[in-house]
Amino acid sequence: MLLHVPDVLDKTQVARIRSALASANWTDGKETVGAQGARVKRNRQLPDASPLRQELGQVVLDALAASPLYFAAALPLRTLPPRFNCYEGGGTYGFHVDGSVMSLASPGGQHAGHLRTDIACTLFLSEPDEYEGGELVVSDTYGEHEVKLPAGDLIVYPASSLHQVQPVTHGARLASFFWVQSMIRDDTRRRLLFDMDVAIQTLTHSGADEKSVLSLTNVYHNLLRQWAET
Ligand code: NI
């Protein structure tokens with residue numbers, strides 16, 4: 001499922017993050033990928049150990065926790081601490097596949113288990129008219145989808161997809177990105193639950209019969225109970 005979650009960050013939060021990133025020490029984005037990714041990746045990232053990454057990552061995590069739409073779509077179990085990247089001067093990341101299992105590090109930097117990457121997320125931090133190119137292209141069974149969103153908006157997409165970031169030919173594209181292990185491993189089941197959740201919310205707000213809504217809510221939770229890994 002490809003889902004646009006608008007306004008995860010408001011414009012003030014975006015401005016604060018960008019002002020912090022303006023004086024950041026960036027590193028080559030190749031440092032966090034395997035051999036296949038390294039051949040096609042040309043961008044800069046905040047170093048994983050950077051205190052700024054941890055601080056800004058927490059701002060992103062707090063914003064996600066306050067977004068019911070994000071929660072309904074991702075049903076997150078574990079989230080890799082958000083990273084930050086910058087594409088400019090022709091920077092690009094050609095078609096690649098994300099690692100399926102990633103290491104989680106504790107705040108002290110020690111290994112703290114693994115995360116299966118079910119969902120990939122990009123949170124845009126630059127406005128679309130600030131740069132040329134830089135579209136995230138997600139390739140799935142329905143074809144290729146180009147994504148370029150306003151600053152503060154998030155795209156949720158299956159980490160199992162092939163995807164790329166097109167060359168940024170003018171300006172700079174700042175973003176945060178991260179992976180999520182969902183309570184629901186299967187994308188189709190996650191989509192069904194999301195659709196049902198949205199329908200229940202719509203019925204609730206339209207004043208539908210309370211007993212029927214309760215009944216549907218019960219079905220939703222029983223499906224979640226059947227399928228959830230915790
Ligand atoms: Ni990727």
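The backbone nitrogen of Ile184 lies 3.0 Å from a polar atom in the Ser182 side chain. This is a predicted model, where local features need pLDDT of at least 70 and side-chain atom pairs count only at pLDDT 80 or more, while totals for chains, interfaces and linings use all residues. Residues are numbered from 1 along each chain as its sequence is written, and side-chain values use heavy atoms, with hydrogens and water left out.

Ser182 sits in strand β16. With 0% relative accessibility, Ser182 counts as buried (under 20% relative accessible area with a 1.4 Å probe, protein chains only; exposed is over 50%). Here are some polar contacts (N or O atoms within 3.5 Å, one able to donate a hydrogen and the other to accept it):

| Side chain | Backbone atom | Distance |
|---|---|---|
| Ser182, polar atom | Ala74 oxygen | 2.7 Å |
| Ser182, polar atom | Ile184 nitrogen | 3.0 Å |
| Ser50, oxygen | Leu52 nitrogen | within 3.2 Å |

That Ser50 contact is at the start of α3. Helix α3 covers residues 51-65. Its buried residues are Leu52, Arg53, Leu56, Gly57, Val60, Ala63 and Leu64. They cover an arc of only 120 degrees around the axis, so they lie on the same side of α3. Pro51, Glu55 and Ala65 are exposed on the face turned away from that buried side.

Now for Glu135, in the loop between β11 (131-133) and β12 (136-140). Glu135 is buried but has no salt bridge (a side-chain nitrogen of Lys or Arg within 4 Å of a carboxyl oxygen of Asp or Glu). The nearest side chain of opposite charge, Lys148, is 4.1 Å away.

Definitions and conventions:
Helices (H or I, at least four residues) and strands (E, at least two) are DSSP runs, numbered from the N terminus. Lys and Arg count as positive and Asp and Glu as negative; His and the chain ends are not counted. The expected span of a helix is 1.5 Å times one less than its number of residues. The arc is that of the directions from the helix axis to the C-beta atoms.
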